[in-house]
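Subject: Structure handover

Hello,

Here is the structure we spoke about. My notes on it follow below.

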Amino acid sequence: MNSIEVKNLSKVFGNFISVNNISFEVKEGEVFGFLGSNGAGKSTTIKMLCGILEPTSGDALVGGYSIATQPDEVKKNIGYMSQKFSLYNDLTVNENINFFGGVYGLENKLLKDRKKWVLEISGLEGREDTLTSSLSVGFKQRLALGCAVIHEPKIIFLDEPTGGVDPISRRKFWDLITDLSDKGTTVFVTTHYLDEAEFCGRIILIDAGILIAAGSPKELKKEYIKNKVIQLDCSDIYKAAEILEKENITDSISIFGNSLHLTMKEQIRSLNELEDDEIKIITDLLSNDNDLKIYHISEISPSLEDVFLYLVEKKTADEE
Amino acid sequence: MKILRIFIIKEFIQFFRDPKMFRVVLIAPVIQLVFLGYAANRDILNADTAVLNLDRSASSREYIRSVEESGYFSVKNYPGSYEELKELIDDGTVFVGIVIPDNFESNINNRRTADIQLILDGSDGNKASIAAGYIQNITATFSKNLSLDYLQSSGVKVNLVSTIQPEARVWYNPNLSTRNFFLPSIVGLILIIITINMTSLAIVKEREIGTLEQLIVTPIKPYQMILGKLIPFSIIGFVAVILVLSVMRFWFGIEIKGSIPFLFLCTFVFMLSTLGLGLFVSTVSRTQQQAMITSAFLVMMPMIFLSGFSFPIENMPQIIQYITYIIPLKYFIIIIRGIVIKGLGFDNLWKELTILFFMGVVILTISSMRFNKRLE
């Protein structure tokens, strides 16, 4: 069953088309990633889906309700959290939970139970009377998520939820998201961090308001990145890079920590049917230098970042 | 209803949590009132005066004594020359300069008109004209006594001199005290500051930190958000009004002659406009700074200058007088001065109250419409 169905949704501000006729579906219980660069129309789309912004044309069903005609019903069934972690800084943890719980109509036992849950997931048990302003960003983020889903909505929208959060807190946060999704909550998330997108079941990419790709991370990589990516560990990566750059076999060479990522040119692959050939070519090239020792060389799968950059560049090239 | 209650509780927790806000809102008005109570005093009492007495005669000394005895002037300096007197006025040592020419007594004795020169520091025009009026009165009495003395000394019986003596009775504010006139209108000023500023700031703050956006995705209705903001600030406004009125009554001894419940009713009606304006300012401001500047320059300054609070409306050019008709504070000042000083009630003030009510309804409606639940 689909929990979100977007049909030909558009939003125009003056003569600027922010969202241009996009359509997609999100299944129940799915973690759905919504990717795009700044100003691509991500926030505008999420705001329309939450009933904050009225669409210029098109419609979407969120939890079975139309965002154009039943925004109030939509609001009862969703949770929303933005990168601002919109909590009241001058209220305590407890007061924030009481307020948001109250706004969603929770009281007595139900409020108590949910409060316990929020404190648990945010790791703030025993710190109920702390002012929210004195919490660290990671705690704030989890408390904001807890407040946003205090009414146990079927669908939650997260607009760049991990901005400015340290890696460990980000990881904890994504564990929470995965838990929610396992319990059947649909999670719709926008993010800049392409490594985070790997956690998503399915993703869509938009650029300048237009949907440019959709699928699971695996599918996207398979579909769009035909070039091989090879990881090379050796005694002197700078020297190796220098040698390989002279040969016309790579599209790009980038340094990742102590190793090199080599994106090979496509034609090499089409000329040589055997997979191991590229590795052999590189090994041969580098063995000419006696000082250089290869520790490890293997093919790796491309990242979503490669996919994203490829698609955006391709779109720009097509337009020209 | 429940949501509204939760919202109001939240607003009060936030208000009391910030001790700075608390001080600004409840203590500042009282301090302001006390300062203004002493500063807003246009009455001339013991105005510093210098007399350049070139005559040095019995008559001139007599005249100086009558000036001093009036109680309005205190002669501080006797400069020796005109230049010295000029300097005293220039540097602000004295406010009034009186020059008695050397032929003062001889003119009187020869039954010619004797002149004196009066020099006033006109930088405060109002005060200067009041001082001139007092001197004229004193001088008229002095010359009347001179003529009576002359007539008597020349053997004329003056039992039956028919003169017309106006007996002025000043109603409501018999001492013509500017303090009595000013302090009640400060209630209006303080309400404006609290309600317009606080309401707009509180809403814009939520927009800045993103909680407004968060609230918009909850089932809260726009009217609940509006009431949730306006009710707490009208309560805080009322508390400030009660504080200010108490200081006025018990510190400055200005009695409220009219009905206090009626005064509160009028305050409430006036607050409809100011809260509405606060809401309006919040809809046109993106940041708290913008809200501050908008409310100060576009709302509060015109209100203060065009309401009759600082300048009498009758003295304004006709076209500006028309503008004052749309200033809610103008009506509230008429009302509160009427109630506090004159003891007027609904019978006399219904017109102003009705205008104020409709203004409030219109402003609140327009502002609420602008405060659209959907963020643009």
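B:Lys2 is partly exposed, with a relative accessible area of 48%; partly exposed is the class between buried, under 20%, and exposed, over 50% (1.4 Å probe, protein chains only). The side chain of B:Lys2 forms a salt bridge with that of A:Glu107, at 3.5 Å from N to O; the term means a side-chain nitrogen of Lys or Arg within 4 Å of a carboxyl oxygen of Asp or Glu. The pair joins two chains, because B:Lys2 lies in helix H1 (residues 2–17) of chain B and A:Glu107 in the loop between helix H3 (93–103) and helix H4 (108–122) of chain A. Helices are DSSP runs of H or I with at least four residues, numbered from the N terminus. A:Glu107 is partly exposed as well, at 39% relative accessible area.

Before the rest, the conventions. This is a predicted model, in which local features need pLDDT of at least 70 and side-chain atom pairs count only at pLDDT 80 or more, while totals for chains, interfaces and linings use all residues. Residues are numbered from 1 along each chain as its sequence is written, chains are lettered from A and ligands numbered from 1 in the order in which they are written, and side-chain values use heavy atoms, with hydrogens and water left out.

The interface between the chains:
- About 2700 Å² is buried between chain B and chain A, and carbon and sulfur atoms give 58% of this; buried area is the accessible area (1.4 Å probe) that two parts lose on being put together, summed over both.
- Chain B brings 28 residues to the contact and chain A brings 30 residues, contact being heavy atoms within 4.5 Å.
- Four salt bridges are counted between chain B and chain A. A:Glu95 and B:Arg17 meet in a salt bridge with an N to O distance of 2.5 Å.
- On the side of chain B that touches chain A, H1, helix H7 (178–209) and helix H8 (211–216) of chain B each supply at least two residues. H1(B) gives the most there, with eight residues.

Over all chains, the whole structure has 19 salt bridges. A:Asp113 and A:Lys109 form one at 2.8 Å, N to O; both lie in helix H4 of chain A, four residues apart, about one turn of the helix. A:Asp113 is partly exposed at 39%, whereas A:Lys109 is exposed at 59%. In chain B, B:Lys10 and B:Glu11 form a salt bridge at 3.3 Å, and both residues are buried. A network of salt bridges links B:Lys10, B:Glu11, B:Glu206 and B:Lys229.

B:Gln321 sits in helix H12 (residues 318–324) of chain B and is buried, at 16% relative accessibility. A polar atom of its side chain lies 2.9 Å from the backbone oxygen of B:Met316.

B:Phe297, in helix H11 (residues 288–306) of chain B, is exposed at 55%.

Regards

Definitions and conventions:
A polar contact is a pair of N or O atoms within 3.5 Å; within protein, one must be able to donate a hydrogen and the other to accept it, and residues adjacent in sequence count only if both atoms are side-chain atoms.
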